[in-house]
Amino acid sequence: GPAIGFGRYRLRWVRGETEYVIAWLPLGGFVKMLGEDPDETEAGHTQEDWGRSLPSQPLWQKLAVVLAGPAMNLVLPVFVVVGFLWVGTEMPTSVIGSVDPGSPAAAAGLEPDDRIVSIDGEPTEWWNDVAKVVASGAGRTVALEVERGDERLEKTIEILRRDRLDGFRTQAERGWIGIHTTRQRPVLGVVSLTSPAAAAGLRSGDRVVQFGETEVEDWPDFVRAYERAADPTVVRVARGDEDDATEVALTLPALGAVDRFGVIPAAVLVEEVSPGTPAAGAGLEPGDLIMSVDSEPVASFATFLETVLASGGRPLSVQYARAGETLVARISPKLEIDDSRGMEEEVYRVGIKAAQTMLPGDVALERYTDPRESFPRAVSKVASFTAFMVEAYGRLFSGSISRKNLGGPIAIAKQSHQAFEAGWEQFLSLLIGISVNLAVLNMLPIPILDGGQALLYLIEGVKRGAV
């Protein structure tokens with residue numbers, strides 16, 4: 001568009017032989033060089049000027065010109081990430097927050113609060129270090145070094161194969177051992193009316209606030225306090241909605257173990273069921289405690305959600321507890337269109353909202369102020385994300401992911417607004433994503449893009465003449 005103007009003033013100026021213009025439509029920037037327009041010829045220019053034009057330059061210089069834009073789109077994120085690392089960001093550490101019952105991790109004896117120090121001899125400081133090895137290691141057996149208090153333990157675990165969603169929200173085979181960084185809140189599930197827990201007056205959804213004189217923050221706190229109790233103990237539990245809960249004091253018998261007492265962690269407690277959805281049709285109600293899906297224990301709503309999203313719409317056998325009775329429902333997730341991110345995405349849903357039963361896991365400040373550490377890490381992070389974007393475009397062209405996942409300026413604006421409201425870290429993360437995306441997009445071999453122009457120059461170089 002034309003230069004931005006205010007009266008007789010225009011945001012346009014000349015420095016040396018270059019004209020600079022700031023236009024009204026902020027949809028990117030470009031540099032127009034002499035001879036870049038295919039219709040522009042030597043006629044009307046001096047021999048000296050045309051000798052400095054883009055078509056007159058050697059192949060390597062022309063390639064350097066067209067690749068400079070995508071290169072800067074990759075350089076910018078590196079410096080942004082370096083800034084992130086210099087300021088520091090809170091990242092989940094390799095401390096286990098919760099363990100799925102019946103999982104390989106549980107069978108190997110892993111417990112909440114264990115810190116995974118290494119996997120097959122490779123140090124694991126952050127949760128992402130653990131997650132990457134597990135996700136990509138389906139079928140392998142790995143050796144874990146675990147720190148538990150002052151002890152160092154050696155564990156061997158087989159990584160099982162599970163159908164899960166990959167980074168493109170498509171179904172893929174991923175590794176699973178049943179550990180999570182998030183912690184289970186001390187929300188109780190009472191699955192039998194004949195249990196000592198029910199006799200003591202507890203209900204599913206009760207949240208333990210205090211056990212005797214001990215404040216209770218998460219499920220392991222409750223388990224440890226209960227197992228230490230030698231006599232009946234008065235506990236305080238919060239009952240009802242989070243914002244309007246009432247506290248009740250109850251006396252619990254000392255039975256030595258929570259399984260004998262008759263409670264389990266209420267990992268997936270149904271808070272709301274939307275009318276007309278598969279869950280409503282299957283008879284689920286608020287207050288139901290979902291315990292397993294297809295005979296696999298469900299330890300968090302995130303696990304349940306991922307199972308639904310990766311189901312492909314097949315019927316799921318959902319076991320749940322209601323009023324002390326264990327029931328089973330067959331639920332077929334329904335395919336819906338989600339446009340919350342400014343672009344249409346196909347997702348499977350069953351129509352329930354779960355109560356908040358999880359807490360954030362252990363976090364630490366990831367900070368690197370030494371450029372000798374921060375720059376290699378930043379380059380590695382940007383390179384990984386660039387590889388992800390390249391694979392994404394490959395999947396788009398092959399049809400393995402829907403073209404509905406493409407978003408234009410409206411989607412970018414919507415996501416930018418959401419990221420800005422979430423905080424500066426989210427906003428800068430989106431900036432990194434957009435910049436890397438532009439670099440990959442501009443390198444596609446399409447004539448109007450830098451990649452297409454580079455391809456034409458390469459062909460010219462091979463032919464030793466204009467295309």
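**Entry 1: strands S9 and S10.** I began with strand S9 (residues 141-148) and strand S10 (residues 151-158), which run antiparallel and are joined by eight bridges; strands here are DSSP runs of E with at least two residues, helices are runs of H or I with at least four, both numbered from the N terminus, and two strands pair if DSSP finds at least two bridges between them. Thr 141 stands opposite Glu 158 in S10. The two strands form a hairpin with two residues between them, and in the turn I noted a positive phi of about 65 degrees at Gly 149.

I note for the record that this is a predicted model, in which local features need pLDDT of at least 70, side-chain atom pairs count only at pLDDT 80 or more, and totals for chains, interfaces and linings use all residues. Residues are numbered from 1 along each chain as its sequence is written, and side-chain values use heavy atoms, with hydrogens and water left out.

**Entry 2: helix H2.** I then looked up helix H2 (residues 59-87), whose 29 residues reach 42 Å from the first C-alpha to the last, close to the 42 Å expected at 1.5 Å a residue; the expected span is 1.5 Å times one less than the number of residues. H2 bends by about 40 degrees at Ala 68, with Pro 70 following within four residues, where the bend is the angle between axes fitted to the seven residues ending at a residue and the seven starting there. Just after H2, Gly 88 has a positive phi of about 95 degrees.

**Entry 3: salt bridges.** I searched the whole structure and found 23 salt bridges, each being a side-chain nitrogen of Lys or Arg within 4 Å of a carboxyl oxygen of Asp or Glu. Lys 62 forms one with Glu 460, their closest N and O atoms being 3.5 Å apart. This pair links distant parts of the chain, since Lys 62 lies in helix H2 and Glu 460 in helix H13 (residues 450-463), 398 residues apart. Lys 62 counts as buried because its relative accessible area is 9%; buried means under 20%, exposed over 50% and partly exposed in between (1.4 Å probe, protein chains only).

Arg 322 and Glu 285 meet through their side chains at 3.8 Å, N to O. Arg 322 lies in strand S24 (residues 316-322) and Glu 285 in the loop between helix H8 (278-281) and strand S22 (289-293), so the pair ties together parts 37 residues apart in sequence. Arg 322 is partly exposed at 23% relative accessibility, and Glu 285 is partly exposed at 39%.
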